[in-house]
Structures are given as C-alpha cells and as structure tokens.
Amino acid sequence: MNFVSGFAVLNPTNSHRAFNGTSFAYVTFNSMHNRIIHITFLALAFILAFSASPSIALDVPSQYEQDLLQLINDARENPLIVASSLGMDADKILQNLPELEDILINGLPPLIFNENLCAAAGAHTQDMLENNYYSHISLDGRTCDDRIVESGYVPTATGESLGMLAFSNFIQPAEAVALIFENMFRDELDPTSTERRNILAGDLEEVGIGFGSGTFKIDGSICNAYMTTCDFAADAVSVLELELLELINQAREKPLETAESMGMNPDDIIAGLPELAEILLQGLAPLTFNQNLYSSARNHAVDMINNSYYSITSMDGREVEDRVRENGYDPAQAGEAIRMLVTAGENAPSEAARICFEKLFRQELSPLCMSRKILNPVFKEVGSSFITVPAGENMGQGRWYSEYNISMLVCDFGLSAADIGLPYLKGRVYTDWDGNGIYSLGEGKAGTGLQIQGSETAFNVYTNPAGGFHAQLETGVNYRIIPLTEGALEERQIEMGTENRSMDFIIEPEIQ
C-alpha cells in the first residue's frame with residue numbers, strides 16, 4: 001500500500017475485482033493509473049448523507065461532472081501551471097517526461113463533452129457501485145471500447161480513467177472531485193507509468209464523465225465512496241461512413257434483397273453464381289467495425305487522392321496487408337475494395353457514396369469477379385472510408401482531376417490473427433422512407449435506446465448517428481432486446497451462437 005499526502009492509495013485492475021473480504025491494505029492491481037484514495041478517520045462509518053447518481057442516459061452532465069471536466073481541461077490547456085498549483089515541480093516534470101515536452105509547454109485543446117460518452121461512463125460507475133468492484137472491465141467481460149460503442153459512439157481512439165475515494169467521515173462531493181482529479185493528474189505525470197495517458201493525450205477530443213456515490217465493501221466492512229469513470233475518445237468517422245458500413249453489412253446479411261433494391265434480378269444472380277447460392281440465399285454474419293482497419297482505409301484513400309492514382313497497391317509498392325499492419329492490425333487475412341467516382345457540376349456526397357457502394361456491390365455479383373470482399377465469409381471486421389473532394393480544391397501534388405469532383409471509397413476487410421472474442425449483436429433502427437424494404441442512406445434513427453437483458457446481465461445500448469447499434473454478447477445465451485422508446489418498436493428475442501448476429505428495427509413513418 002502506498003501513502004501519498006496521508007492517503008492510502010490503491011489502483012484499479014484491468015480484470016474485475018470484487019471486494020468481498022479481501023484485505024484492503026494489501027490488494028495489488030495491474031494499472032498504475034486512477035488510484036483509490038482511502039481517507040481514514042476515527043469516526044464510525046455512516047451511510048452517505050449525500051447521494052450522487054452518475055449520468056446513465058443521453059443527458060447533460062451533473063454539476064460535479066462539469067466541475068471535473070473543467071479541471072481536466074484546465075490541465076490540458078496549462079499542464080505545468082496546474083501541476084505547480086498541486087505542489088509539483090514543473091522543471092522536474094519536464095526533465096522526467098521529455099517525450100511530452102511540447103504538450104507540457106504548449107498544452108492541448110480542451111475536451112468537448114459528449115452525451116454518448118457520458119452515458120457509457122455513468123452506466124459503468126453505477127455498475128461498479130452496485131456490484132462492488134473497481135475495474136476497467138465489467139463483470140460480464142465488456143471493455144471500455146465495448147461500452148463506448150454500445151453508447152452509440154464509434155471511436156477512432158479511446159481511453160478510460162477511473163477514480164474512487166473511500167472514506168469514513170463525510171466528504172463534500174466538490175472536495176471529492178478535486179481529490180480524484182489530483183490523483184488522476186499525478187498519475188499521468190508519473191514517469192514510471194506505462195499506462196496510456198488520457199488527460200494529456202493529443203489524439204483524444206471528447207469526454208464523458210460519470211460521477212456517483214454509494215457504499216462499498218472493503219475488507220468485510222462497509223465504507224462510503226465516491227466513484228468516477230472518465231471515458232475519452234475521438235470520432236473521425238463521418239455519418240456517411242457509418243451509413244456505408246451499414247450498407248456493407250446489409251449486403252452481407254441480405255445479398256439478394258440488396259441487389260433487388262438496386263434494380264437487379266435475384267433469379268438471374270443465382271443462375272449466374274451457382275457457387276454462391278448458399279451465401280446469396282442465407283446471407284453472411286455482419287462485420288464489426290475496426291478502428292485500425294478504418295485508419296488504414298482512410299490513409300490509403302487520402303494517399304490516392306493526394307497523388308492522383310487509383311490502385312490497391314500504393315505507389316511505393318505496399319499492399320493492403322502492409323498498410324493494415326502499419327496501422328496496428330495484425331491480419332490472418334486482409335483484403336481491400338475500392339471505388340472512385342469522377343463527376344462534374346454540383347456534387348452531393350450522399351449520392352456519390354450511394355453510387356460508389358452500388359458499383360462495388362454490382363462488381364461482387366458479377367460472374368467475372370475474381371476476388372470478393374463483401375461476400376467473403378472469411379472476413380470478420382471492416383473499416384471503410386469515404387472522401388469527397390470538390391472541384392478546384394487542392395488535392396496535393398497530382399491534381400489530375402482538379403476540374404472535377406473526386407469521390408473515393410476504400411473498404412479494408414480483415415480477419416485478425418488474434419482471437420476476437422465473443423460474438424456481437426449488430427443491427428439498425430430506421431424508417432423505410434423510400435419503401436424499398438431495406439435500409440437506405442439517410443434512414444437511420446440516431447440515439448434510440450435498447451435494453452439488452454440476458455440471464456445474468458442487463459445494459460443499455462444506443463444507436464449511432466447512422467442508426468446502427470452494436471453489443472458484444474455471450475455465446476449460447478437467450479437475450480431480450482427491449483426498446484426504450486415506448487410504442488415505436490416491439491420487444492425481440494435472440495439466441496447468440498458463435499457468429500455475429502443481426503437485427504433490424506423498423507419505425508413506421510407515421511410514428512416518426
């Protein structure tokens with residue numbers, strides 16, 4: 001047990017730990033971040049007179065969550081000034097952390113509050129308080145990334161910081177916020193830490209905070225506690241890219257329905273592709289979004305536009321396997337599909353995206369196609385990027401098409417060499433405005449809540465801006481999917497196997 005300024009300090013773990021009779025003084029954890037502060041007094045413990053409920057829905061932050069956000073942003077904008085105000089030596093910090101010199105001297109932009117991240121953070125804080133554990137991993141195995149995506153936020157970078165203050169005497173919540181922040185920030189400035197820094201991370205742009213209070217069992221005794229979850233993320237994925245992801249998965253799940261919506265004849269397709277008959281009739285499991293594959297696809301799209309070429313092989317000879325590895329993805333297999341559209345006059349990005357996707361899928365349904373990606377059962381994950389550059393804008397060195405609008409769709413597909421774990425339930429909530437019987441661009445319903453109830457777990461998920469939702473679930477368990485919007489949607493049930501499953505909820509136009 002470490003003592004800092006009179007506080008007994010413990011650390012959270014990357015695997016869950018419930019405190020049921022475990023010696024409080026000698027518990028050890030894996031992470032050096034986000035310490036528990038245990039303030040010891042002679043007074044007897046009592047139940048909190050103040051009760052703070054963390055944010056668990058898409059809502060505004062509480063006053064204490066706003067206060068913590070302000071402290072975090074002050075530290076981002078003026079790291080050394082804030083550190084000095086906490087009694088730390090600014091010169092020593094610079095000396096010990098040379099890799100952070102620029103950030104420490106010049107600071108970072110403030111984080112923006114995000115209601116989806118707030119919902120994820122609030123739900124995790126409440127779950128830890130109710131179930132007496134303190135960890136980045138939920139008791140049902142869900143990680144920070146899982147909870148963030150379940151909130152309807154599709155991140156390209158994530159981080160999570162936890163804080164807990166356990167005490168016997170009453171502590172004002174405002175004082176608890178200050179103490180929790182101080183220890184979070186001290187941990188970030190610890191040169192021996194090997195954990196990710198979140199407050200001082202330049203790749204994180206938004207945050208949601210869940211601050212709550214309750215009772216906590218430590219060493220068999222009940223104490224009072226304040227607990228905080230801070231979920232950090234960055235979101236570079238556009239709504240249009242999220243919609244294209246839904247179209248890709250819908251084409252896997254419902255190949256013939258998708259083809260028919262594009263004016264193709266399903267019977268002709270089956271007759272021309274007898275080797276794909278089973279896939280065409282039964283569909284494939286949906287793909288999960290992967291941040292690294294998205295970054296790889298995005299970078300390749302930018303490179304092609306900037307250097308005026310169109311090929312799955314980069315100008316320096318790199319192939320898709322090389323690019324996904326460079327972006328942190330370890331593939332057992334990888335593949336890429338690309339489409340470019342060159343147009344004159346006014347350019348509607350959504351229409352360009354629709355055309356690019358349809359051309360991509362029509363190619364897959366051609367008997368002459370030699371390498372299918374969307375309809376390849378091997379792939380489990382995907383990252384797709386769509387970029388449109390209007391005519392006349394600077395496109396780098398080439399400018400071959402400077403008089404035209406350039407749209408580029410790049411989809412990187414992968415099967416990870418690592419075990420990707422439990423299956424996912426993915427789906428869409430939408431209104432079929434065009435009446436074609438399936439999901440189309442612009443039809444998704446954002447922010448719709450669904451409660452997922454299993455035999456031993458229950459949690460909420462929310463649809464992203466494209467209307468998609470995503471939850472990792474246990475194999476062999478029956479789940480109830482209960483819409484949180486009364487009257488608009490009906491309750492559903494599903495049994496999870498080893499593969500990803502899909503589920504659509506359609507809101508009738510008159511209810512919208």
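Start by selecting M340, which sits in strand β9; strands here are DSSP runs of E, at least two residues long, and helices are runs of H or I, at least four residues, all numbered from the N terminus. M340 is partly exposed, at 22% relative accessible area (buried is under 20%, exposed over 50%, partly exposed in between, with a 1.4 Å probe and protein chains only).

Before going on, a word about what you're looking at. This is a predicted model, in which local features need pLDDT of at least 70 and side-chain atom pairs count only at pLDDT 80 or more, while totals for chains, interfaces and linings use all residues. Residues are numbered from 1 along each chain as its sequence is written, and side-chain values use heavy atoms, with hydrogens and water left out.

Next, select helix α8, residues 239–253. Its 15 residues reach 21 Å from first C-alpha to last, close to the 21 Å expected at 1.5 Å a residue (that is, 1.5 Å times one less than the number of residues). Because 14 of its 15 residues are buried, α8 is largely enclosed by the rest of the structure.

Zoom in on E246, in α8. Is it buried or exposed? E246 is buried, with a relative accessible area of 5%. Leaving aside residues up to four places away in sequence, E246 touches G427, R428, Y439, N464, A466 and G468 (contact means heavy atoms within 4.5 Å).

Now bring up the sheet. Three strands make an open sheet in the order β15-β12-β18, with mixed pairing (two strands pair if DSSP finds at least two bridges between them). At the edges are β15 (468–472) and β18 (501–506), each pairing on one side only. From one strand to the next, the twist averages 20 degrees. Strand β12 (residues 424–430) runs parallel to β18, over 6 bridges; pick V429 and you'll find F505 of β18 opposite. Helix α8 packs on this sheet, touching β12, β15 and β18, and its direction makes about 110 degrees with that of β12 (axes are lines fitted to C-alpha atoms, for helices over the stretch in contact, and angles run from 0 to 180 degrees between N-to-C directions).

Time for the nonpolar core. The largest one has 42 residues, and F361, L365, I374 and F413 have the most contacts inside it (a core is a set of buried Ala, Val, Leu, Ile, Met, Phe, Trp, Tyr and Cys residues joined through side-chain atoms within 4.5 Å). Which helix gives the most to this core? That's α8, with 7 residues. Select I374 to see part of the packing: its contacts, not counting residues up to four places away in sequence, include I248, A251, L284, F357, F361 and F413. Another core lies apart from it, with 39 residues, among them M88, L108, V177 and L189.

How many disulfides turn up in a search of the whole structure? The search finds 0 (a disulfide is a pair of cysteine sulfur atoms within 2.5 Å). C411 is in none, and the nearest cysteine sulfur, that of C356, is 9.5 Å away. C411 counts as buried, at 0% relative accessibility.

Most residues other than glycine have a negative phi. N132, however, has phi near 55 degrees, and you'll find N132 in the loop between α5 (115–131) and α6 (144–150). S308 has a positive phi of about 50 degrees; look for S308 in the loop between α12 (291–307) and α13 (320–326).
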